[in-house]
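Subject: Structure handover

Hello,

Here is the structure for you to look through. My notes follow below it.

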Amino acid sequence: MKNSHVDWNYTSVNDNYTSQYTKSRAVEMTRGKMLGGSSSLNFMVYVRGNPHDFDVWADTVKDKNWKYEKVLPYFKKSERLTDSVIRSSHYGAYHNYKGYMGVQRQYHPDVDGYMQAYKELGNKIVIDTSTGDLGYTQPLFTISDGTRQSTSNAFLSPIKDRTNLHVWKNTLVTKIIFDRKKNAVAIEALTSDNRKLTVKARREIIVSAGSINTPQLLMLSGIGPRKHLQEMAIPVISDLPVGENFHDHQGVPLAFKMGKLPSFQPPQNPHEIPVPVIIGYAALNRTQSYPDYQNFDLVLRNPAFLLGFCTFVFGLEDALCRQLNESCESHEVLLAVPNTMHPKSRGKILLKSKDPKDYPLIHGGYYSNPDDLENQATYIEDVIRVINTTYFKKANAELVRFDLPACAGYEWGSREYWKCYSRELLVTVYHYTGTCAMGSVVDSRLRVSGVRRLRVVDASVMPFITSGNINAPTIMIGEKGADMIKEDNNIVCSCNKFL
Ligand SMILES: Cc1cc2nc3c(=O)[nH]c(=O)nc-3n(C[C@H](O)[C@H](O)[C@H](O)COP(=O)(O)OP(=O)(O)OC[C@H]3O[C@@H](n4cnc5c(N)ncnc54)[C@H](O)[C@@H]3O)c2cc1C
């Protein structure tokens, strides 16, 4: 669904430094433009992050309600896990089996050899990383009965006939309206046939437009950095660092050419994810209990998928993808994407103009802190040790050497080479966060500072990105935010059996 009408089709501003071997010379920032948002086109991997993430988060915002033990019930609340192995293990108590959103585990025999190889390097094989265990695992997916569990499918569909729920599809919210006392009292929106709507709020307004559009909407409404709003001739209602603190998990693709494939490939089962996935969480200091990087691996047996990932998902130049395809012809390929869990670099979202239909400017800021580039090179070095394991040796595995003229001045495989490679082939893992961060733009009850009756409830409020894919943490924020709204509005609800 990338690059289709259900994708916002954002691209970052070319920084002339990173991603220069992508077709757009920038990062293609896919975003779902439909009910369920990005959960309707994401890769469906279910990851919660590490307990340490939430403890640091709680300390930063000085509110113990964001500590791991306090957010865990909200992870559980939405989940409906269908996995008897995890259920009967010591992980079982950390899951729920009756929530709205189905979650299931991958069991794929094609990943066993790879898992053993990573084990040989000193990593653990774990059946579940939801409690923060490091190691390599077959992931959980937000899939149930062969159906994607987008937030729309899982949460909206079962209640869509409620008389107090109204959804305007294909409608762009363009502005939040405040009264003189800075109460958010209404929103303005444009329908697909350009009709202007004004919708009044009796209690409060909740913005959940995601890490790119939420800051855009706030800034269009007068909430943002004073200087930038003045440049845009937008009257300032609250001077806040909206749009700043943008961060993401950046990754780099590595392709391992494995053994020759048999000439007959069994037909694809249409109810399975077409590509077996392995996810590893590793810390360089093996005594550390939270990960430095995630290694997202895809086992590719079909050349169409290899090309698809190269040219379409990563958006790499055609010449590179052709080279990859030709050098791996008739061979299995392990595509590994080590990605940095705790980037120090920060980018920002700025308005391009006052026109709500104009896309905002996305400055990714990737590697603006040089530590991130050093670390990314280190993570590559850590992952490619796998080439010396028994399984890889037996398969005569080779790491594909892309022809990168920009890195030709460095010896292949040297540290400087990997830094160059990390810059030139940087790809997003699509985890944009932090642009309306808790502690600076919203308080720990998700209320926008300096105004009243306005909250943000989406991935933009994370002060720090969590250790892994962020769909489940964003849904956790939604669950927790919902309770805060009910509490602050004195709405009594008896549904919180997990709390
Ligand atoms: C290609 C891709 C793959 C991913 N894979 C995974 C994965 O496997 N696992 C994982 O955990 N995470 C994954 N993610 C990340 C995860 O899906 C997102 O981070 C998460 O869905 C973000 O949720 P959100 O509510 O903050 O924003 P979004 O999901 O982006 O939702 C925002 C919604 O608001 C709407 N909107 C925006 N502006 C306006 C406006 N002005 N008026 C009206 N509506 C508006 C949007 O159309 C959208 O529907 C992936 C993301 C992408 C793009």
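**Disulfides and cysteines**

There are 2 disulfides in the structure. The term means a pair of cysteine sulfur atoms within 2.5 Å. This is a predicted model: local features need pLDDT of at least 70, side-chain atom pairs count only at pLDDT 80 or more, and totals for chains, interfaces and linings use all residues. Residues are numbered from 1 along each chain as its sequence is written, and side-chain values use heavy atoms, with hydrogens and water left out.

Take Cys-310 and Cys-321. They are joined by a disulfide, S to S 2.1 Å. The torsion about their S-S bond is about -85 degrees, so this disulfide is left-handed. The pair links distant parts of the chain: Cys-310 sits in helix H8 (residues 303-313) and Cys-321 in helix H9 (residues 318-327), 11 residues apart. Helices (H or I, at least four residues) and strands (E, at least two) are DSSP runs, numbered from the N terminus. Cys-310 and Cys-321 are both buried. Buried means under 20% relative accessible area, exposed over 50%, and partly exposed in between, with a 1.4 Å probe and protein chains only.

Cys-407 and Cys-420 form a disulfide too, with sulfur atoms 2.1 Å apart. Its S-S torsion is about -85 degrees, so it is left-handed. Cys-407 lies in the loop between strand E23 (398-399) and helix H12 (415-424), and Cys-420 is in helix H12, so the bond ties together parts that are 13 residues apart in sequence. Cys-407 is buried at 1% relative accessible area. Cys-420 is buried at 0% relative accessibility.

What about Cys-328? The closest cysteine sulfur to its own is in Cys-310, 9.9 Å away, too far for a bond. Cys-328 is buried, with a relative accessible area of 2%. Cys-436 is buried as well, at 0%.

**Ligand site**

The shell around the ligand has 29 residues, and Met-34, Ser-38, Val-45, Val-173 and Asn-471 come nearest. A residue counts if one of its heavy atoms lies within 4 Å of the molecule. By class, the shell has 12 nonpolar, 14 polar and 3 charged residues. Here Ala, Val, Leu, Ile, Met, Phe, Trp, Tyr, Cys and Pro are nonpolar, Asp, Glu, Lys and Arg are charged, and the others, Gly among them, are polar. Strand E10 (172-178), helix H6 (210-220) and helix H13 (471-488) each supply at least two shell residues.

A ligand nitrogen is 2.8 Å from a polar backbone atom of Val-45. A ligand oxygen is 3.3 Å from a polar backbone atom of Ile-470. Taken alone, the ligand exposes 1,000 Å², and the protein buries 89% of that. Areas come from the Shrake-Rupley method with a 1.4 Å probe; for residues, only the protein chains shown count as cover.

**Annotated domain**

An unreviewed UniProt entry carries the annotation "domain: Glucose-methanol-choline oxidoreductase N-terminal" over residues 32-55 and 210-224. Residues 32-55 are 21% helix and 8% strand, with end C-alpha atoms 30 Å apart. Residues 210-224 are 73% helix and 13% strand, with end C-alpha atoms 16 Å apart.

**Asn-269**

Asn-269 lies in the loop between strand E17 (254-260) and strand E18 (277-282). It is partly exposed, at 35% relative accessible area.

Best regards

Technical notes:
UniProt positions are given in the numbering used here, feature names are shortened, and annotations may be inferred rather than shown by experiment. A polar contact is a pair of N or O atoms within 3.5 Å; within protein, one must be able to donate a hydrogen and the other to accept it, and residues adjacent in sequence count only if both atoms are side-chain atoms.
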